[in-house]
Amino acid sequence: HLELTARIGSNLLFDITVPVPELRPGKTTAIAPRFLEQTRLDPNNPLLQATESQPGTLEAHLRCEGSSTAESARTSLRILAPNEWFHAPAYFESLAAFAQPNAPQIPALVRKVSDLLKEATGDASVQGYQAGTERVLQIMSAVYAVLAAEDIRYVTPPASFENTGQRIRTTEEVLTAQAGTCIDLVLAYAALAQACGLLPVIILVPGHALVGIATTEDGLREPVITEPAAINNYLRSGAVLALDATFYDASLSFSDNLNRTKAQLTDGTVLALIGLTESHRDGLRPLPTQAPPASALPDTATAGDTSTSSTQLSSPAADIRAAGKLVQQLRLEDSADHLTLDTADPAPARVQRWKRELLDLTLRNRLLNIKPAKEVLEFEVRAGMLADIDDRISRGDRITMRAQDDLSDNRFLRGTTDV
């Protein structure tokens with residue numbers, strides 16, 4: 001068995017024993033990932049409440065049954081403070097943990113989004129993707145307006161003495177302190193948008209962060225996308241709409257922000273797209289909030305509540321109506337069929353569509369008359385599964401096929417070796 005012991009200074013952080021499966025000479029054996037779940041840390045552990053990083057150690061002892069001897073290894077660790085984000089591609093997905101769609105302030109803000117939508121469109125529904133892309137844009141604009149009314153200010157990051165990233169404020173902290181950096185504000189917008197049924201995307205660019213919203217409920221194909229061609233496909237096709245979370249700038253309307261951000265990204269470098277919902281489903285759960293969640297939605301604003309007065313709502317309502325009309329802009333020629341574009345093909349979207357129209361329906365087409373060959377992979381399905389796949393294809397559902405070793409960084413770091 002394998003004994004793992006982690007310490008912060010002289011204080012024990014965790015001490016677990018992991019059974020080791022049978023080992024064979026010259027073979028590599030992976031320890032079942034479920035045992036790594038024992039190393040999950042309780043966020044309320046007093047040892048993890050430090051405001052600065054702490055030195056630590058990790059010791060491993062491999063013991064054989066019936067023997068008191070052991071092979072041992074020891075390494076030094078640096079345990080970051082809970083609000084320090086490690087800025088490296090393998091840890092990009094961890095940024096999603098700071099977005100809290102269930103923060104105690106969120107229900108009241110969702111109610112305000114609903115009020116604005118009713119004021120602008122006559123429909124108070126906050127229904128995500130159920131009413132199409134036009135409604136998605138209206139919800140995006142309403143979220144933007146509600147956060148602008150919160151008077152949240154842009155500030156520099158909290159002091160940090162690490163060279164690996166920066167300190168991040170959670171959604172709860174941003175809404176309580178009414179202040180945040182670009183990443184903090186992006187996460188606050190993303191959390192509220194997610195609570196409204198949308199699929200937010202965190203867009204990392206050099207020295208800055210933007211927020212995106214998927215225009216359909218397909219979202220991203222995986223939690224983190226770093227391939228330039230795939231990123232370009234999502235952004236240029238309109239599958240993801242990018243927005244600068246500068247809702248503290250009262251002079252910048254939602255529509256102008258959307259157009260300006262799209263122009264900035266046309267020739268700019270994008271480091272990664274991080275799907276918030278996809279990351280949460282992949283195991284990166286939001287950090288727990290410090291205050292109890294709201295038990296119910298608040299009542300409508302009273303006469304003395306100036307945050308939703310008619311004078312303040314008039315401009316946002318106009319922006320929301322204008323945002324819905326932007327859907328026509330997304331239906332340009334280069335945006336059609338964007339979900340079926342080949343990310344490895346540098347040809348424009350219209351050229352890719354022309355290629356697809358040049359179909360050979362004779363038996364010379366290997367898709368219709370495929371024969372065994374070294375470049376042909378056999379696709380085996382369980383009994384009864386073929387009919388389900390056929391139904392999904394007939395409905396037009398997207399089906400993603402993954403290689404056995406195609407794992408997200410989060411799953412790999414937690415010990416999963418294959419799918």
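Biologist: What should I know before we start?

Modeller: This is a predicted model, so local features need pLDDT of at least 70, side-chain atom pairs count only at pLDDT 80 or more, and totals for chains, interfaces and linings use all residues. Residues are numbered from 1 along each chain as its sequence is written, and side-chain values use heavy atoms, with hydrogens and water left out.

Biologist: At what angle do helix 2 and helix 6 pack?

Modeller: About 105°, with the axes 10 Å apart. Helix 6 covers residues 254–266. Axes are lines fitted to C-alpha atoms, for helices over the stretch in contact, and angles run from 0 to 180 degrees between N-to-C directions. Helices (H or I, at least four residues) and strands (E, at least two) are DSSP runs, numbered from the N terminus.

Biologist: Parallel or perpendicular, then?

Modeller: Helix 2 and helix 6 are roughly perpendicular. Under 35 degrees counts as roughly parallel, over 145 as roughly antiparallel, 65 to 115 as roughly perpendicular, and the rest as oblique.

Biologist: Which residues meet there?

Modeller: Helix 2 brings Leu137, Met140, Ser141 and Tyr144, and helix 6 brings Phe254, Asn257 and Leu258. Contact means heavy atoms within 4.5 Å.

Biologist: How many bridges join strand 10 and strand 12?

Modeller: Four, in the antiparallel sense, with strand 10 spanning residues 208–214. Glycine 212 stands opposite alanine 242 of strand 12.

Biologist: Switching to charges. How many salt bridges are there?

Modeller: The whole structure has 14. A salt bridge is a side-chain nitrogen of Lys or Arg within 4 Å of a carboxyl oxygen of Asp or Glu.

Biologist: Where do glutamate 84 and arginine 167 sit in the chain?

Modeller: Glutamate 84 is in strand 5 (residues 84–86) and arginine 167 in strand 7 (residues 165–167), 83 residues apart. Their side chains meet in a salt bridge at 3.5 Å, N to O.

Biologist: Is that glutamate 84 buried or exposed?

Modeller: Buried, at 8% relative accessible area. Arginine 167 is buried too, at 4%. Buried means under 20% relative accessible area, exposed over 50%, and partly exposed in between (1.4 Å probe, protein chains only).

Biologist: How far apart are aspartate 388 and arginine 392?

Modeller: Their closest N and O atoms are 3.0 Å apart, in a salt bridge. The two are four residues apart in helix 10 (residues 385–395), so about one helical turn separates them. Aspartate 388 is partly exposed at 34%, and arginine 392 is partly exposed at 36%. Elsewhere, shared partners join Glu52, Glu84 and Arg167 into one salt-bridge network.

Biologist: Last topic, backbone. Which loop holds aspartate 151?

Modeller: The one between helix 2 (133–149) and strand 6 (153–154). Aspartate 151 has a positive phi of about 60°, although it is not a glycine.

Biologist: And what is the phi of glutamine 178?

Modeller: Positive, about 55°, and glutamine 178 is not a glycine either. Glutamine 178 is in the loop between helix 3 (171–177) and strand 8 (179–180).

Notes
Pairing = 2+ DSSP bridges.
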